[in-house]
Amino acid sequence: MKNGLDFLNLLNCDVSLKILKNLEDPSDFVRFSAVSRSWRQFVIENGLLKHLCQRMFPQLSRVDHVNELCGTAKGHAEAGSSNFMEWEALKREHRVYAFFARGCLSFALRECIYEAIIASSTDNDPEEGIPNTLEPRDRVGRRASYWSSKGQSNPAVPETLTYRLCADLCVITEINIRPFQAYFQIGKPIYSANSVRFRMGHVKSCMDNIVKESCQDCGNDKSCMDNIVKESCQDCGNEKFAWTYTSQEFPMAQENCLQNFRLPEPVLCIGGILQIELLGRVQRQEMDSLYYICVSHVQVVGRPLSPAFGIQTFEHSEKFVLEALSYEQPTSPAQSSSAPSLQMRVRDLEQILNLLRGNVVNVVEYGYEWEIEDEESDEEDEDEEDRE
């Protein structure tokens, strides 16, 4: 702005917009807006941060409007002052998208799976159920931990694993999958898939209404709502999910390791539902000559955007409302996702108790080895002493 001249005034609006829409870093718009009041007004009036967010995440094109529910919004204008109301709406949109862009780039990366919902098939449920894929170890106590599909004579039959994420809005960067190696079978075969594909989306709005009506009697208790959503999704399979993103196919190796599938670009999961499609079977089981797919562990890595943001979906519409619930930076989880959870520890204790009831000699868990004396062996030792 040399000699008091503003280059925005020297260029027409279209040329200025074309230049500014080439910016790729949200912080560039923040610095640009700080130059002068007129520059800030130009950014807000033309929705440049909204445009940037939609370029980063095309799924945001389905946003109908934004709301602020965190007390930052100004009071409504008096009736008749339409220009003021429009300006306030533009400023609100600017604030929401500015913090949204910041969150997508700076919120902490972490494990994003909240719970396993449903598998397309399970060979032996619950022993080989989908909840086992949340356990990072392939053995719990002395028992294998994995999910197994039903056997198929046709190796082309696919399978799906569907999970609920920890937030309605998550920026997903990678999915890690470990195929299961059946160490207890001859040859220790690995039951991997030929390739994988990922879908992200949400429960359809009609299902949301069913959940709300069903929860009226329980006072909208969160645990009650979680159970109803899970049970309803299990009953209806894929019919109640709306997918907003489908990835390319990624080849899967027939190896017993945590295989990394990094998405070409971070993806915004709207609605908190992720589905893994396992395409093609490569391993036949010797005892029945059928093809199976088995997964030991699934990990989804990304940036949950709650509690800062939430969504409201419209019934019979693909549009949704983006809600700013807080403008505070979320704190990192207190416990690392790799550390054993309380649920895992309870499961381990149950396994150990089962081993104790079965008079097993050694139990090795969490780095400790406990010697458990067998009552029958004690009696035999006493009998031998009496004979002597």
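Leaving aside residues up to four places away in sequence, Ser149 touches Ser121, Thr122, Asp123, Glu159, Arg281, Tyr292 and Ile293, where contact means heavy atoms within 4.5 Å. The model is predicted, so local features need pLDDT of at least 70 and side-chain atom pairs count only at pLDDT 80 or more, while totals for chains, interfaces and linings use all residues. Residues are numbered from 1 along each chain as its sequence is written, and side-chain values use heavy atoms, with hydrogens and water left out.

**Ser149**
- Ser149 lies in the loop between β6 (147-148) and β7 (159-165), strands being DSSP runs of E with at least two residues and helices runs of H or I with at least four, numbered from the N terminus.
- Ser149 counts as buried because its relative accessibility is 0% (buried is under 20% relative accessible area, exposed over 50%, partly exposed in between, with a 1.4 Å probe and protein chains only).
- The side chain of Ser149 also makes a polar contact with the side chain of Arg281 at 3.3 Å (a pair of N or O atoms within 3.5 Å, one able to donate a hydrogen and the other to accept it, with residues adjacent in sequence counting only if both atoms are side-chain atoms).

**Ser106**
- Ser106, placed in helix α6 (residues 82-106), is partly exposed, with a relative accessible area of 34%.
- The side chain of Ser106 reaches the backbone oxygen of Arg102 at 2.6 Å.
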